[in-house]
Amino acid sequence: MPVASKLATQRLRVTLRGAVQGVGFRPFVYRLAAEMSLTGWVLNSSAGLVVEVEGAPDELRRFEQRLEAERPKASVVTVRESEWIPTQGSTKFEIHHSDTDSAKSVNVLPDLATCADCRSELLDPANRRFQYPFTNCTNCGPRYTIVVDIPYDRPNTTMREFVLCPACHEEYENPSNRRFHAQPNACPVCGPKLDGAIADSAAALRRGEIVALKGIGGFQLLVDARQAAAVARLRQRKHREEKPFALMMPSLETAREYCEITPAEQELLEWLAAPIVLLRPKSGSDIAWNVAHCSPYLGIMLPYSPLHHLLMRECPFPLVATSGNRSDEPIAIANDEAITRLKDIADHFLMHNRPIVRACDDSVVRLTRGRGGILRRARGYAPLGIRVSRNVQPVLAVGGHLKNTVAIGVGQDVFVSQHIGDLETLEARHAFERAIDDLCRLYSFKPEAVVCDLHPDYASTNWAEQSGLPIIRVQHHQAHVAACAAENNVEGPYLGIAWDGTGYGLDGTIWGGEFFHVENNHYERVAQLRPFGLPGGDAAVREAWRSAASLLFEVSGETDCGDSRPRLSGERSSPAGPLQLSVSKVRNMLERKINVVPTTSVGRLFDAVASILDLAQQNRFEGQAAMLLENEIGSLRTEEAYPLAAGDWAPLIAEILRDKREGLPVPRIAARFHNALVNWILEVAAKSALKQIVLSGGVFQNRYLTERTAAMLESLGFVVHTHRQVPPNDGGIALGQVVMA
Ligand code: ZN
Ligand code: ZN
Ligand code: FE
């Protein structure tokens, strides 16, 4: 061989880490190498995707560029390492079998909504998968909910029970096929089967019956969203009085008939994760009044599995689609479990024989700052790892109490579980324990310590105390800002702002309006809301009027506004007698300072203002009063603001009372209130002399507040970080706990 050509051949090894399995990465690499006439191999190892290619150096560099530019769109590459290695004189390009020995640090992929190619096959009478409800390919289909172990290969999924037929096998082995190594590949001959007919379920839905459907991450309860009596029956049987239901729409076009949808919101709806998107409803629709009567939004999603597509073709109208459980319990995933637990709720079942390994609720997002702000992170997002800027300790974080998630730290990745829920019931606590076992087993992870909240009564804290592991306690609001800083890779000192409803403070009082100067993992509390008393402590979380009574008492010595008596005249579902009793009891508490817990919570300040304005006297779900108050602003834009200097709410409450008395329209009062909070942030930020600002905590689910705060700070030269991958609410606490350990 001439010397020149010998020199010309080189070998390059590229290692990719991140979400690179189960997205058709290997066939993509195979096709690319074949097209460029390069030799070598690609391997899915449990440490990542490894490619070795041999050829002319220029070609190898071009290969590297195309590898990045043309990679499958569902993939997420967090690390790419390249090295030149000795040539091996390889003569062809091959796909090697997965190795299983090296350390498990590979991301498992989330479940992906049915792709356009599979959708058209589903509806093509000439296709062998015509109307087959388990159609998928490397670009779509279940992943996280069917994977038992990693690496992600068919024998490690619940599809191992189904033996590929010759036609499917041919697709699976053919690198030029869309289904090459599509682990859940299936067809009517060899794949999972429905137990029941879609047409029967559709007929049941039209009759107003409740259908329990086995979906991707568990059972869903479906009902015709236009039939109020049917919706009421679902509410009553599920014990879910007022919390809004999400809807599945047959198509984007139908969704448009019911909601205002901006291009950015359309992108969220059609995203691979297919989340529930909170949208503004149009008026005059035929959606039953009791679907979301306590919320200004409609949560909308599009069909995301072939089964949903087929069902929605038979039911071309909006369906309530809510998790298959009784309120506050985990979602049912197994057939027999669903029959037992849902038999008193559902009239009709539509099941199949593809097992679901773990429960994954539908995720919820809301457009904020031009992107999808995650409010509940589950199907479609979990368990993608969050890459942080430095190595974290190998710890297990058990999160908060409400909207619980757990997380583990593996090298530079933090794997946050799917939304588990509020740890209020025994079933929820079992689900929490299962999620911990599952996450640790999946990643062969042995925690060296457990991280929990400071709150002594959280179920997660109690579990940590009994785990036998060394325990690290982390303050709630510090964890909030640490989470947001970590996912934004914020280096250097920053001003962390954590506003939420409730969290246990370092001084044992209830915090929730906190500013921290953060430097080198040191948190100095530099400002907070002026404390006020919560009469009855935790009872005030649900009963917004208690916060109002407390602030009014401080400002005027009265516990009501002096107009609409009794204060709770707006209440519908509670009898007046007992409430009147609690009003005088609360007054008594305030006067004698008995059972009054001090708080700095901005969430409770929102409650108080919403109550004073008669928008809500109770929170029937977390954040309801605040959501209604935000919604009052609508499209109103004003620079007017109440005074809130140094976080002192007394002048603010006094002016709200004056404006209310004088009949100022509620939207303007609401805007002035929000603007006051923004101005207070500007005041503290200016004083801090820190350039980077990190916003976290459930209060920042408020889009108006978050967007105005960010815009004003940015116009003054600050760099503002808000959540992208985990929710600002307590669903993000576990991430913060890991990075703080
Ligand atoms: Zn597909
Ligand atoms: Zn088949
Ligand atoms: Fe919180």
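A salt bridge here is a side-chain nitrogen of Lys or Arg within 4 Å of a carboxyl oxygen of Asp or Glu. By that cut-off, Glu543 and Arg546 form one, at 2.9 Å from N to O. Arg546 is buried, because its relative accessibility is 9% and buried means under 20%. Please keep in mind that this is a predicted model.

The structure holds 47 salt bridges. Take Arg11 and Glu52, whose closest N and O atoms are 2.8 Å apart. Arg11 sits in strand S1, residues 10-19, and Glu52 in strand S3, residues 48-55, so this pair ties together parts that are 41 residues apart in sequence. Are these two buried or exposed? Arg11 has a relative accessible area of 1% and is therefore buried. Glu52 is buried too, at 2%.

Next, Glu171 and Arg128. Their salt bridge has its closest N and O atoms 3.1 Å apart. The pair links distant parts of the chain, with Glu171 in helix H5 and Arg128 in the loop between H4 and H5, 43 residues apart. Glu171 is buried at 11% relative accessibility, whereas Arg128 is partly exposed at 35%. Both belong to a network of salt bridges that also includes Asp117, Glu121, Arg129, Arg178 and Arg179.

Now a charged group on the surface. Which residues gather in a patch of negative charge there? They are Glu253, Glu257, Glu267, Glu270 and Asp286. Of these, Glu257 lies in helix H8, residues 252-258, and counts as exposed because its relative accessibility is 55%.

Back to buried positions. Arg708 is in helix H22, residues 703-715. Its relative accessible area is 13%, so Arg708 is buried. Setting aside neighbours within four places in sequence, Arg708 contacts Thr638, Glu639, Asn675 and Val678.

Asn156 is in the loop between helix H4, 116-122, and helix H5, 166-173. At 18% relative accessibility, Asn156 still counts as buried, because the cut-off is under 20%. Not counting residues up to four places away, Asn156 touches Ile146, Val147, Val148, Asp149, Ile150 and Pro151.

Last, Ser201. Ser201 lies in helix H6, residues 198-206, and is buried at 0% relative accessibility. What does Ser201 touch, not counting residues up to four places away in sequence? Val211, Leu311, His348 and Leu350. The C-alpha atoms of Ser201 and Ala212 are separated by 9.1 Å, with the two residues 11 apart along the chain.

That is what I have; comments are welcome.

Technical notes:
Residues are numbered from 1 along each chain as its sequence is written. Chains are lettered from A and ligands numbered from 1 in the order in which they are written. This is a predicted model: local features need pLDDT of at least 70, side-chain atom pairs count only at pLDDT 80 or more; totals for chains, interfaces and linings use all residues. Side-chain values use heavy atoms; hydrogens and water are left out. Patches are made of residues with over 30% relative accessible area and no salt bridge: like charges are joined within 9 Å, nonpolar side chains (Val, Leu, Ile, Met, Phe, Trp, Tyr) within 5 Å. Accessible areas come from the Shrake-Rupley method with a 1.4 Å probe; for residues, only the protein chains shown count as cover. Lys and Arg count as positive and Asp and Glu as negative; His and the chain ends are not counted. The place of a charge is taken as NZ of Lys, CZ of Arg, CG of Asp or CD of Glu. Helices (H or I, at least four residues) and strands (E, at least two) are DSSP runs, numbered from the N terminus. Buried means under 20% relative accessible area, exposed over 50%, partly exposed in between (1.4 Å probe, protein chains only). Contact means heavy atoms within 4.5 Å.
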